[in-house]
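Here is a two-chain model to read by its definitions. Each question asks for the rule behind a label, and each answer applies that rule.

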Amino acid sequence: MQETEIHDLSDDADYAASQQQGSVTLSRCNSSKRSSVSEPEGAEIVYLKDNVTIHPTQYGSERISGRLKLIKQGPSLLMTWIPYSGQSSNARLSESDRNLYTIRAVSFMDVRSIHRHTPTLGWQYIIVVLSSGLAFPPFYFYNGGVKELLATIKQHVSLVRSAEDANVFLVNDFQDRLQRTLSSLELPRAVAVATGPSSPISDGRPPSYENQERTEVGTFDGSASLIQHNDSQRQNFQDPARDISIQLLEKFSLVTRLARETTSQLFRDSNSDVFGANERRNHDQTSHPYPSIVASNDVEEVPNEIPIASDPLEFDKLTLVWGKPRQPPLGFKEWLTFFDSEGRIMDSKALRKRIFYGGVDHRLRKEVWPFLLGCHAYDSTCAEREYLVSVKKSEYETIKHQWQSISPEQAKRFTKFRERKGLIDKDVVRTDRSLSFYDEDDNPNVNLLRDILLTYSFYNFDLCYCQGMSDLLSPILFVMRDESESFWCFVALMERLGPNFNRDQNGMHSQLFALLKLVELLDSPLHNYFKQNDCLNYFFCFRWVLIQFKREFEFERTMRLWEVLWTRYISEHLHLYVCVAILKRYRRKIMGEQMDFDTLLKFINELSGHIDLDAILRDAEALCICAGENGAACIPPGTPPSLSIEDGLLYSQEDDEVL
Amino acid sequence: MSYAYLFKYIIIGDTGVGKSCLLLQFTDKRFQPVHDLTIGVEFGARMVTIDNKPIKLQIWDTAGQESFRSITRSYYRGAAGALLVYDITRRETFNHLASWLEDARQHANANMTIMLIGNKCDLAHRRAVSTEEGEQFAKEHGLIFMEASAKTAQNVEEAFISTAATIYKKIQDGVFDVSNESYGIKVGYGGIPGPSGGRDVNASQGGGCCS
C-alpha cells in the first residue's frame, strides 16, 4: 500500500494485475484519460456520475465536488470518488482536504448498506455505511443519478431493500435473519470518517489524475450561488426531528473535517486493531440483540447478559479521532505576539482559539484570566488597564469598608450580618485546605477568601453568599494573588454564574434541563434509560454544573478546564457538552449495571479524580460541533453562563433567612 | 463483604452542625475539622453487626444550606434511617429542626427511623440548647434522641447503631416489606435465604469494618 504512495504505478500493467487478487485498492487505475473508456485489464467502469459532492462544512464555499464511479473488477465491484482539483473559488479548501475525502476504491464486500435520502427540496444524497460501522460523508447528487446508481449496484452485488426502512439498501445481505434486521437498525452506530480502512489516506501527495479531472471545474463554479440558495431552502423545509440519526450522519462530515489533522495519523496507527476487534465482535455476537462495537476503555467489563443500546455517536476509542489534539499551554513568548505596541490584543479570537486548544501556562494566568473573564477589554491599552486596576482597587476598598465599619455593638443587633459572616467564616476554612496555599491555621489567604466573599455579599446584596462560591473564588485568588483584582475577577465570573446560586435554583434547573435536551439529542438510548429509571432531574450532575467541575479534577486541571470554558470559543455552554461527554464515556457501565438514581449518583460522585480532562475536552468539542444548531437549540437564551437576557432584577430572591 | 441487609441512611441538618464530621468519625474513627464543605451529597459506608447479622450502612451526607433544599429532597427517597443533626452551641440550628422534619416527613417514606442528634456536646461551656429541650423535641415528634460529639466520638457509634437496631427491629416485626427497596433496605447474600441477592457487595468504604 505504501508503495503506491511512493511510486506512481498507475500505468504499470504488472501492478494493475497484481491489484486484482482480492485487493481493496485501485488507487491509480483511473489515472489517465483512457481510464474513462477502458480501465486496466479486467476492470470496467459500470457507472460514472459527475458533480457528486460532499459538504464537509455548512459553508457553500467549502463543498467538494467530484466524480463517482463504480468499477467492476473480476468478481468485485468497487466504488471510487475522486474530487476535482483546482476549485479556485475555494481558497479555504486545501489540497489535503481533497485528499482526505478521496475514496480511491472501496469494495462492496466492505459495504453494509446505502441510505438514500430524498429531501423535499434540494438534492438527493446517499450515505454509504461500511460493515465496520463507519460511514462516508453524505454524497449529494447535484446531477441526479441515485436511482441509476442503485440499479447498477444491484446488477453486480446483492442489494436488498430493508424491511424496516424503504430508503435503506442492504448490500451484504446476511444469511441470518436476525442479523439482517440488525444491520438496518445499526445505522446510528455509524461513524463517518473521511476514508475508511480500505481506502488509505495519501500523505498529502497530489493525486496523479488531477489534470484530467480539472475540466469539470466550470460547472461547479457556475452553480455555486444556486447551490447555496437551494441548500438553505432545503434546510428550512426539513423537519429537524424527522430522522435525527440521518442528520447526525450529515454532521459527521463536519466533524471529519475538524479532525482532519489527526485522522490520518490515528487511523494509520489504530484502525487495524480497533476495527478488527469490532468486526470480530459483530461476528461473535450473533445471539446478542445489540452487538455493540464499543471499544472497551471503561473501568471494568460489563456483564454480557444485559443488552445495551448502542451509542448513536459511537464513542470510546473512536473518539480519539474527533476533537483536535490538545496543544501545549500558551507560553510567554507566544503571548507577547498577540499585542500591538500599546498593549492591545489585536486578534482576540485567535487568542481565544489558542487558549481553547491549549490553555495557559500557569505563570501567565495572572495576566490572561482578567481578559478571559471580561475584566479587561481585549482592545484596551496597557496604560488603560493599569489605570483601571487602580480605580477598581479603591472601589473595592470602599465596598469592603462598608462591612468593616460595622462595630461589634452594631453587629450584636444585626443578626443577619452575624449569620452571614459566620457562614462565610465556617466555609472558608473548609475550602481547599489541602493546598499549601490555604493550609494551616491563621493562613492569611484564608482570611482573604473571607474578606472577598463578605465584600461580594455587600457588592451583590441580592445574591448574597451561597455555598459553592468559595470553591469558585479559591483558584482565582490562587492565580491573582491580589485581593482587589481577585475580587473583580470573581465579580466578572459571578456575572455569568451568579444564577447558579439563586435561592430558587432556577439557574441550575435551566442548565440541567438543557443538559437533558442535549443528551436526548446526542444519545437517545441513554436518555431513554434515564427516563425509565426516573433520573431525568439530572441531579447527579448538580455538583459538576454548580461549581464548574471544581471537585471533579485536581486543582491544576480545574484551572485548565476553566480557562478553556471561559474562552467561549465554540460555545458559551461547553460545560454542558463536557457533562454529555463524561456521561457518554460511562454510558456502557451506567446502563450495563442498570444503575438506579441512587447508584448513579454515587457512581458519578466517585468519578471525581478519575476523569481524563484532555480526552473529555476533545469529546466535548466534537459533540458540540456535531450537535450544531440542534444542540444550540437545546439551550434557551439566557441559560447560564450566558449573560442574563433580562434587564433589571438579576437575582430575584425570596425573603432571605440568612440575609 | 457480604451483608444480611443494607440500610440507606441520610444525614440532614443545618450547615456547619457537623454532619460530615459525624460521618467521618463513624466510618473512619477520626475527627477531621478541615475537610471541604459538602456540595450536593457525599457518601460513606460501614458494616455493623446487629443480632449477629452483618448489616451494611450506606450513608448519604447532604449539604446543609437552605438553597440546596430542593436538591436535598431528592435524596430522601428510599432512606431507611435519617440522622437529623443540630449544633448545641447554635440555637438557630435547633430552631430549624421543625422545617427539616417537615421535609423528611414529606419526602421520605413514612416508616423512616429518625434519630435526633445534638452534636458538639464536648462544647458544653458554649451550650445554647439544653439536653432537656432536645429530649422534649424528640419526644414530641417521635424521634430517638442523643447528644453526641464528632470530636470526642462520644455517642457517635451508638447513634448510628441504635438507629440500625431500630430499623432491624422493624424488619423483624414485619413493618417493612424488605423486597420493596423503596423502604431503603436491601437484602444481601449473608441474610435471609431467598432469590433476592444483594447487588451492592462492595467492601465498606473508608476503612470501616465489622464491629
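Two residues are in contact if their C-beta atoms, placed from the backbone, lie within 7 Å. This is a predicted model, in which local features need pLDDT of at least 70 and side-chain atom pairs count only at pLDDT 80 or more, while totals for chains, interfaces and linings use all residues. Residues are numbered from 1 along each chain as its sequence is written, with chains lettered from A and ligands numbered from 1 in the order in which they are written.

Q: What share of the contacts in chain B with a separation of 6 or more comes from residues 24 or more positions apart?
A: Such pairs account for 73% of those contacts in chain B. For chain A, 73% of the contacts between residues at least 6 apart in sequence join residues at least 24 apart.

Q: What makes a run of residues a helix or a strand, and how many are there in chain B?
A: Helices (H or I, at least four residues) and strands (E, at least two) are DSSP runs, numbered from the N terminus. On that rule chain B has six helices and seven strands. Their order from the N terminus is β-α-β-β-α-β-α-α-β-α-β-α-β. Chain A has 27 helices and 11 strands.

Q: Why is B:F94 called buried?
A: A residue is buried if 20 or more other C-beta atoms lie within 10 Å of its own, exposed if 12 or fewer, and partly exposed in between; the C-beta atoms are placed from the backbone. B:F94 has 22 other C-beta atoms within 10 Å, so it is buried. B:F94 sits in helix 3 (residues 91-95) of chain B. Leaving aside neighbours within four places in sequence, B:F94 is in contact with B:Y86 and B:V129. The C-alpha atoms of B:F94 and B:E133 are separated by 9.3 Å, and these residues are 39 apart along the chain.

Q: How much of each chain counts as buried?
A: In chain B, 48% of the 211 residues are buried. In chain A, 47% of the 659 residues are.

Q: Is B:K29 buried or partly exposed, and what makes it so?
A: B:K29 has 15 other C-beta atoms within 10 Å, so it is partly exposed. B:K29 lies in the loop between helix 1 (19-28) and strand 2 (41-50) of chain B. Its phi is positive, about 55 degrees, although B:K29 is not a glycine.

Q: Is B:K120 buried or exposed, and how do you know?
A: The count is 25 other C-beta atoms within 10 Å, so B:K120 is buried. B:K120 is in the loop between strand 5 (113-119) and helix 5 (131-141) of chain B. B:K120 too is not a glycine, yet has a positive phi of about 70 degrees.

Q: How do you know that the buried residues of helix 21 of chain A line one face?
A: The buried residues of helix 21 (residues 524-532) of chain A are A:L526, A:Y529 and A:F530. Down the helix axis they fall within an arc of 95 degrees, so they line one face of the helix. The arc is that of the directions from the helix axis to the C-beta atoms. These residues pack against helix 20 (506-522), helix 24 (574-585) and helix 25 (587-592) of chain A. Just after helix 21 of chain A, A:D534 takes a positive phi of about 60 degrees.

Q: Why is helix 20 of chain A called oblique to helix 24 of chain A?
A: They pack at an angle of about 50 degrees, with axes 10 Å apart. That angle makes helix 20 of chain A oblique to helix 24 of chain A. Angles under 35 degrees count as roughly parallel, over 145 as roughly antiparallel, 65 to 115 as roughly perpendicular and the rest as oblique. Axes are lines fitted to C-alpha atoms, for helices over the stretch in contact, and angles run from 0 to 180 degrees between N-to-C directions.

Q: Which residue classes make up the contact of helix 20 of chain A with helix 24 of chain A?
A: The contact has nine nonpolar, one polar and no charged residues. Ala, Val, Leu, Ile, Met, Phe, Trp, Tyr, Cys and Pro count as nonpolar, Asp, Glu, Lys and Arg as charged, and the others, Gly among them, as polar.

Q: How many residues does each chain bring to the contact between chains A and B?
A: Chain A gives 26 residues and chain B gives 19 residues. The largest share of the chain A side, four residues, comes from helix 26 of chain A. By class, that side has 10 nonpolar, six polar and 10 charged residues.
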